[in-house]
Amino acid sequence: MRNEEQDIVVIGLGNQLRNDDGAGLEVARRLKLTLPHGRVITECDDPLAIIAAWENAHTAVVLDALRSNSPPGSIHRFEANEHPLPRHFARCSSHGQGLPDAVELARALGLLPRRLIVYAIEGQDFGKGSDLSPAVAVATNETVARVANELAELRGA
Amino acid sequence: MGRRTIRVDSLARVEGEGSLHLRIKDTQVDEVRLEIFEPPRFFEALLRGRDFNEVPDIVARICGICPVAYQMSAVHALEKLLGVRVTGSLRDLRRLMYCGEWIESRVLHIYMLHAPDFLGYESAIEMAKDHFGIVERGLQLKKAGNAVIRSLGGREIHPINVRVAGFYKVPSRCDLHSLRDSLDWARDAAAETVRWTAGFECPDFQQDYEFVALHHGDEYPMNEGRICSSAGMDVEARSYDAHFEESQVPHSTALHSVIKQRGAYFVGPLARFNLNRDRLAPAALELANEVRLETSCRNPFRSIVVRAVEVLHACDEALRLIDRYELPERAALELNPCAGIGFACTEAPRGILFHRYELDEKGIVLNAKIVPPTSQNQATIENDLRSFVGSHVNLPDDELRWKCEQSIRNYDPCISCATHFLSLDIERS
């Protein structure tokens, strides 16, 4: 029997010790509470780990923070199957590699899930610390609700 | 000739953050600085006051690529101090775990970071579009290594199952045998990797290095051995401080290591291979001969081939250890804390990794010293760049920049370990 919970994976990215960079992780952690049997992954340190995380899933929802000169707390949503992620996703990591590299490598190798949805919250403060900026904290609440709704729709589809 | 400054915001495909500054006057290299500006990470300081049992889990956090190496040097140093020697199956399990890390770390660098240099691609992503099957092979190989670490360490990044004097939990024979199929496949893929990388065109660049690696009586070194060099050094880890010294340079937050009175030295796969070639697994040695890897290879651009040979060695060694595995009676030996100082060096994927710990009578860490391979190679990387740029100064800036980055990647520098990234600045006048 096909396990629909396993066919969808939620992946949280970021660094919880760099304030708003932890927004995606925070959303993933809270979604995990509402998806006791779902796959929620929060330990992806490099592009290959991200690709491994969505292996065997038909749909992956990736949660991240970004900096693109939008107002802090803006919620961006991308469908990454058809187009590369915007350039401003890159270079947030001190290791210089991240989600856009993972997406493009997976695209080149035919390893993208059938559907790859990316939610990214515009951060404000990427300095040292574990606190979300007020606008980002509000955005995480809204993102949790939006992703939960979208997951419910996907399961119902 | 007018003054020219070339600036690159980021040099990709290295681990961590730093920059390279080159100043060229006419046809002479005036200055080379590998600048590491990652803020100091203070691991040695934050270990002070912690119980010795916490050390393996804390030092694993130094690196997401080679956490096993940090754990291994730590447990060996602490066991020396506490008068415990881990043997038999527990020793084999450690070596097996190290094999997993050698495979995943080597393969990541070969396929994702370094091969694109040789084949003229900006990145592994670009390379994957033309070499789909090859990059896929790399990903599968890396997974084989990760599976070994996950099986023994609980998870592949920052494993949580290593403790002083053993493990928290040991695998069953059945657990380990489940790794056999992927390792059997991996050894063939590793052999293909050796042949593939041996076909890469390398710059003709031979240098006179002092190679430093561990050397063990009857095995290719991983966890144990004496510190030996191509210039005749042969010492125990406890004598490390008598022969090596670290110094601060203004342009780097990582310390530079030198051999006292002699200067820069070279650690890592090339050093290990040159000093331990006859200890390789038979198939790895045979293949090294087949692809004509020199007995004393002094071209750092050939290090990619040596890394591939070491992947094959690690696969065969892992299979050998799995086949002879017997469940140990206990997952860890008993320990009583005592005061003292312990030292150890193990072979991290990038070269020797020295740890020294001082404990009080309750087993609390009073002092810790950690010397990662990248800080040991830093002076040699700068020397290579000075020499390489000096003999290729007429190359166009773009090509020179590319070759400099490739030269740095010969060492697979983990700047995150040495402290972190690279932007590149070439100034011509």
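## Confidence in chain B

Chain B has an average pLDDT of 89, and 90% of its residues score at least 70; pLDDT is the predictor's confidence in each residue, from 0 to 100. For residues 4-12 of chain B the pLDDT is below 50, and this stretch has 21 contacts in the model beyond near neighbours in sequence. Two residues are in contact if their C-beta atoms, placed from the backbone, lie within 7 Å. The pLDDT is also below 50 over residues 418-423 of chain B, a stretch with 37 contacts beyond near neighbours in sequence. Where pLDDT is low, the predicted coordinates should not be read in detail.

This is a predicted model, in which local features need pLDDT of at least 70, side-chain atom pairs count only at pLDDT 80 or more, and totals for chains, interfaces and linings use all residues. Residues are numbered from 1 along each chain as its sequence is written, while chains are lettered from A and ligands numbered from 1 in the order in which they are written.

## Confidence in chain A and the complex

In chain A the pLDDT averages 85, with 87% of the residues scoring at least 70. Among the elements of chain A, the highest mean pLDDT, 95, belongs to strand S5 (residues 115-122), and the lowest, 63, to helix H1 (residues 4-7). Helices (H or I, at least four residues) and strands (E, at least two) are DSSP runs, numbered from the N terminus.

For the complex, the predictor gives a pTM of 0.87 and an ipTM of 0.72.

## Domains of chain B

Chain B is divided into domain 1 (4-39 + 387-428) and domain 2 (51-210 + 212-380), with bounds from an automatic or database domain assignment. The centres of domain 1 and domain 2 of chain B, taken over C-alpha atoms, are separated by 26 Å.

## Helices H3 and H4 of chain B

Helix H3 (residues 67-82) and helix H4 (residues 88-119) of chain B have axes that come within 9 Å and cross at roughly 150 degrees. Axes are lines fitted to C-alpha atoms, for helices over the stretch in contact, and angles run from 0 to 180 degrees between N-to-C directions. H3(B) and H4(B) are therefore roughly antiparallel to each other (angles under 35 degrees count as roughly parallel, over 145 as roughly antiparallel, 65 to 115 as roughly perpendicular and the rest as oblique).

B:Val68, B:Ala69 and B:Met72 of H3(B) make the contact with B:Arg94, B:Met97, B:Tyr98 and B:Glu101 of H4(B). By class, the residues of this contact are five nonpolar, no polar and two charged (Ala, Val, Leu, Ile, Met, Phe, Trp, Tyr, Cys and Pro count as nonpolar, Asp, Glu, Lys and Arg as charged, and the others, Gly among them, as polar).

## Helices H6 and H8 of chain B

The axes of helix H6 (residues 132-153) and helix H8 (residues 180-198) of chain B come within 9 Å, crossing at roughly 135 degrees. H6(B) is therefore oblique to H8(B). Residues of H6(B) in the contact include B:Leu141 and B:Ala144, and those of H8(B) include B:Ala186 and B:Trp196. The contact has nine nonpolar, two polar and two charged residues.

## Helices H13 and H14 of chain B

Helix H13 (residues 373-391) and helix H14 (residues 397-409) of chain B pack at an angle of about 150 degrees, and their axes are 10 Å apart. H13(B) is therefore roughly antiparallel to H14(B). B:Ile381, B:Asp384, B:Leu385, B:Phe388 and B:Val389 in H13(B) meet residues of H14(B) including B:Leu400 and B:Lys403. The contact comprises seven nonpolar, one polar and two charged residues.
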